[in-house]
Amino acid sequence: MSAVASTMNNDAILKVEHLSMRFGGLMAINDLSFEVRRGEITALIGPNGAGKTTVFNCITGFYKPTMGMICMQQKGGKSFYLERMADFEVTRDAKVARTFQNIRLFSGLTLLENLLVAQHNALMKASGYTVLGLLGFKSYKDASKEATEKARYWLEKASLIDRADDPAGDLPYGAQRRLEIARAMCTGPELLCLDEPAAGLNPRESQELNKLLRSIRADNGTSLLLIEHDMSVVMEISDHVVVLEYGQKISDGDPAHVKNDPRVIAAYLGVDDEEVETVLTEVEEGAH
Amino acid sequence: MASVTNPSTVSTGSPTGKALREATFTAVMTFLMFALFIGLKTDQNMRNELILVPRWGMLAILVVLAFVGRFAMVAWLQPWRAASKAAKAEAPTVDEEAGFVKRNFSKLAILALVLYPPIILALFGAQGSLKYIDNFGIQILIYVMLAWGLNIVVGLAGLLDLGYVAFYAVGAYSYALLSINFGFSFWILLPLAGILSAFWGIILGFPVLRLKGDYLAIVTLAFGEIIRLVLINWQDVTKGTFGISGIPKITLFGIPFDASPNGFAKIFHLAPSSAYYKVFLFYLILLLCLLTAFVTIRLRRLPIGRAWEALREDEIACRSLGINTVTTKLTAFAIGAMFGGFAGSFFAARQGFVSPESFVFLESAVILSIVVLGGMGSLTGIAIAAIAMVGGTELLREMDFLKAVFGPDFTPELYRMLIFGLAMITMMLVRPRGFVGSREPTAFLFERKNVSGSFTKEGHG
């Protein structure tokens, strides 16, 4: 496990080191270190209350961690310490976008408008911080057209193009999930963080989602970090899995490795601490 | 009484015959029911004896009323309602081709407003038209402008602002003080008043950035009161409750509207009248309103406007998309306040007098109710609501004939708030999203479809 991590050190896009987050007396994350590698799909899994979403909120700037360091390494070589940045700066400057466990769309805006809001910063610059746009300068019109094209590209990719002019709140659940991912992608991220993207989806929608996530990685070169409960999704699409329990990392490696890790099995099946030893030996015997 | 009728008789006979039968039956029932209640009244005579006073006249009126009412109901109202229901059921999917008026509503409305003063002048003459141009025209347009300004803060950005009148006051006092003390003209002070109000908007914006919903409303309310109390108590500058009078009038590129030799009337060889100034003011506020509308419509299609609406829908999602919500909120406060300041300086110039009386909380409440009644975010709806609320108030003053009904002490405008309240409650029941409940999208790929009000949020911060 540690050997794998050290060989991949140079192409890490996100390094989380000694991250701790304390809420009053509760240590939600305790000295967590892991890496997300460029061009890979990394899954963060663990039982309920393991601290997965807290890790996400720390990475995306919604929480300020009590201790530790989160370093984002961009393609161009620039690096950002995310724990020092405000939430909107994480997306704007460090190029880390996120979605939410309970979908947060702008339900009264149309699908197209949702995707245009996501391109706020680029459009803001093109509109001369509103002044030139208000005077009707051409630069804004061009940028606006470009933004619409980008939105169209993502709507097609998320197979939502027929509903482009409908309000986002009118979409079925699975489509809302895809729209939220498309919207996050419109910010032009290098790392996309997805909080339970498959939650509440039926198997067919789940397949569509897998296809979308794979194509995001392949066509757009975006690395993905996702929290997921649905093991079929995790095992099928992820290249690398990090397992959390009680705020600590208990396993880290490729899906096959993690699946057979006795500590993971113990965590998911709920074995007492004393029994872990027995499970460990059992698994080892089975392997031989 | 409809339940009394035997259902078997419904199908027989012509509608008029049926109506006659039912009306007669109703009249008989009414007579029987009211003969003892209304027809006879117990009273005491001079010798303290109980006597019966017959009231056959009143009984007859009631019976006739019941007869006529039932007849009209069965003969005309019921068939008409059934027919309209059937017509609706027959053609439910026919796409309503928007009529000429509907398609060009805003253009026609602007044309009507431009033509309003000459038509009124032609109809009522220079002196008689003052009331219609000043009380109805200018007064309503000031409120339209204020409500459109507040609409940016409340309707688009979803920030509930109960102290909007503070910016109106800042604009009015900026004009009053700077023009009296330094002699600046209206045309310099109009943008200056806007900038000063925007500045105060940002001052208010900073402390309330962290507040949401009810807390935000309370702090903005307090801010409005603070400004008013400062105006009352800072007597060296504002002259307190006495107010500032003698505020210079607006000039048309240096041409004053007075009876002097180089005044407007003399230069254009017109009969001297105060109507010219009012007409000029009318067109000025109309221009300011159109400017507000133009800027609002443009802003909605710019990233900042979209960010406001996104902020109303979900602030956390906004931040996750890299939008700086602090500057977004502050610009909403500042631009909304700026239009309040414009309206304020116009108000001061039109009245020639400002005092803290004009900037009480009730004004904020009225402006906010116009925004809510019109439909948050919709310029057309808000304009209609302003006409209904402010024009309605002015109309109440005109209803002198009610004195003949309720006696000479009756002053209809005192019932203004009662009628406001009733109208608001009725609106909330009938159209909870205001006159125009749907939202027009700012961009579209294939087809512009209005977003139903059930999807949009009111905002909570």
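Modeller: Helices (H or I, at least four residues) and strands (E, at least two) are DSSP runs, numbered from the N terminus. The model is predicted: local features need pLDDT of at least 70, side-chain atom pairs count only at pLDDT 80 or more, and totals for chains, interfaces and linings use all residues. Residues are numbered from 1 along each chain as its sequence is written, while chains are lettered from A and ligands numbered from 1 in the order in which they are written.

Biologist: Which strands of chain A stand at the edges, each with a single partner strand?

Modeller: Two strands pair if DSSP finds at least two bridges between them. Chain A has an open sheet of six strands, with mixed pairing and the order β6-β7-β8-β3-β9-β10. One side of each edge strand is left without a neighbour in the sheet, because each has a single partner: these are β6 (96-98) and β10 (248-253).

Biologist: Which residue of β7(A) is the bridge partner of A:A97?

Modeller: Strand β7 (191-195) runs parallel to β6(A), and three bridges join the two. In β7(A), A:A97 has as its bridge partner A:L192.

Biologist: At about how many degrees does helix α9 of chain A run to β8(A)?

Modeller: Axes are lines fitted to C-alpha atoms, for helices over the stretch in contact, and angles run from 0 to 180 degrees between N-to-C directions. Contact requires C-beta atoms, placed from the backbone, within 7 Å. Helix α9 (203-220) lies across β3 (41-45), β7 and β8 (223-227) of chain A, and its angle to β8(A) is about 150 degrees.

Biologist: What radius of gyration does chain B have?

Modeller: The radius is taken over C-alpha atoms, and the globule rule is 2.2 Å times the number of residues to the power 0.38. For 461 residues, a compact globule would come near 23 Å, but chain B has 29 Å.

Biologist: Is B:P256 buried, exposed or partly exposed?

Modeller: B:P256 is in the loop between β3 (244-245) and α9 (264-267) of chain B. Buried takes 20 or more other C-beta atoms within 10 Å of a residue's own, exposed 12 or fewer, and partly exposed falls in between. B:P256 has 16, so the class is partly exposed.

Biologist: Which helix gives the largest share of the side of chain B that touches chain A?

Modeller: In this interface, 33 residues of chain B contact 34 of chain A. Helices α10 (275-301), α11 (303-313) and α12 (315-320) of chain B each supply at least two residues of that side. The largest share, seven residues, comes from α11(B).

Technical notes: Two residues are in contact if their C-beta atoms, placed from the backbone, lie within 7 Å.
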